[in-house]
Amino acid sequence: MVKSMTGFGRCEISEGDRKMTVEMKSVNHRYLDVAIKMPKKLNFFESAIRSLLKTYIQRGKVDVFITYEDLSEANTTLRYNQALAAEYLKYLNQMAEEFHLEQDVKVSALSRYPEVLVMEEVQEDEEELWKLLEKAVKGACEQFVETRIREGENLKRDLLIKLDELLEHVAYVEERSPQIVAEYREKLTEKVKELLADTQMEESRIAAEVTIYADKICVDEEIVRLKSHIKHTKETLEKEDSVGRKLDFIAQEMNREANTILSKANDLEVSNHAIELKTGIEKVREQIQNIE
């Protein structure tokens, strides 16, 4: 199936007093470029998150936003640094003795000294935390892929219409090309008759001139290749893997054939249809840029 490179996904998982929210969105990009914004305490899982994302996404610039809330009362603890408090008290006593001052430091005052009493976050179970995070990331990715598939189906329908329009222009050029040669032969014969009047000119000379002209404007090979590229594009659109880069390459080849047809065109109608071909191929390439 065809997937667009634009997508959005969101998942919120709550378990007890903990809540994990993952949001992700993407735009076009030649390769997979992932930017993750999350709390510092989750940085340890960044590599695992990126590996998980790669199982869902092949191309696109993806922004991932992760928030984590822990409302439980057991998520912090108070730590008493006894050694540091003793160090403070030792120097305070030394100062009192050296400067003949009264030692008036109370427990309440000592407890406010830096790092004597510290609030610390309780270390969470990494395995449990990853289970919650993984569930949220998978949920967001599944929704994200669904939006890409829906948009991809719209792109596919539009591309198939555009490819059929290209085939119509190719069919016209294919049908018109022999007529151009016949018209040239007729004009050449009339011109020669005017110039030579009653003098006879060998039919073989006219045939040779027409053959040279036909070779010069012949686009049979280009038409065959162009039809083959259009068919290949349609077949590729039915595949399930990431096809964007392949389709872009085929579109470049199609454009090359259209350029050659236009350069060989010696007929106004063929030129017009060749220009329409180039315009149509450019529209196809623009749409392909949105495909993963």
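I began with burial: 36% of the 292 residues of the protein chain count as buried. I note that this is a predicted model.

Next I looked up the accessible surface of the protein chain, which comes to about 18000 Å². Carbon and sulfur atoms hold 51% of that surface.

I then turned to the contacts in the protein chain with a separation of 6 or more, and found that residues 24 or more positions apart account for 81% of them.

For secondary structure I listed eight helices and six strands in the protein chain. I wrote down their pattern along the sequence as β-β-β-α-β-β-α-α-β-α-α-α-α-α.

H2 runs over residues 82–98 and has 17 residues. I checked the span from its first C-alpha to its last and got 24 Å, close to the 24 Å expected at 1.5 Å a residue.

Which residues of H2 are buried? I noted Ala85, Leu92 and Ala96. They are on the same side of H2, because they cover an arc of only 40° around the axis. I recalled the general rule here: an α-helix has 3.6 residues a turn, so residues three or four places apart point the same way.

I then checked the other side of H2, where Ala83 and Glu97 are exposed. For the two sides I used the cut-offs of under 20% relative accessible area for buried and over 50% for exposed.

Last, I looked at the backbone just after H2. His100 takes a positive phi there, of about 55°.

How values were computed:
Residues numbered from 1 in each chain as written. Predicted model: local features only at pLDDT ≥ 70, side-chain atom pairs only at ≥ 80, totals over all residues. Heavy atoms only, no water. Helix = DSSP H or I, 4+ residues; strand = E, 2+ residues; numbered from the N terminus. Expected span 1.5 Å × (residues − 1). Buried < 20%, exposed > 50% of the residue type's maximum accessible area, 1.4 Å probe, protein only. Arc of directions from axis to C-beta. Contact = heavy atoms within 4.5 Å. Areas by Shrake-Rupley, 256 points an atom, 1.4 Å probe, with all protein chains shown as cover.
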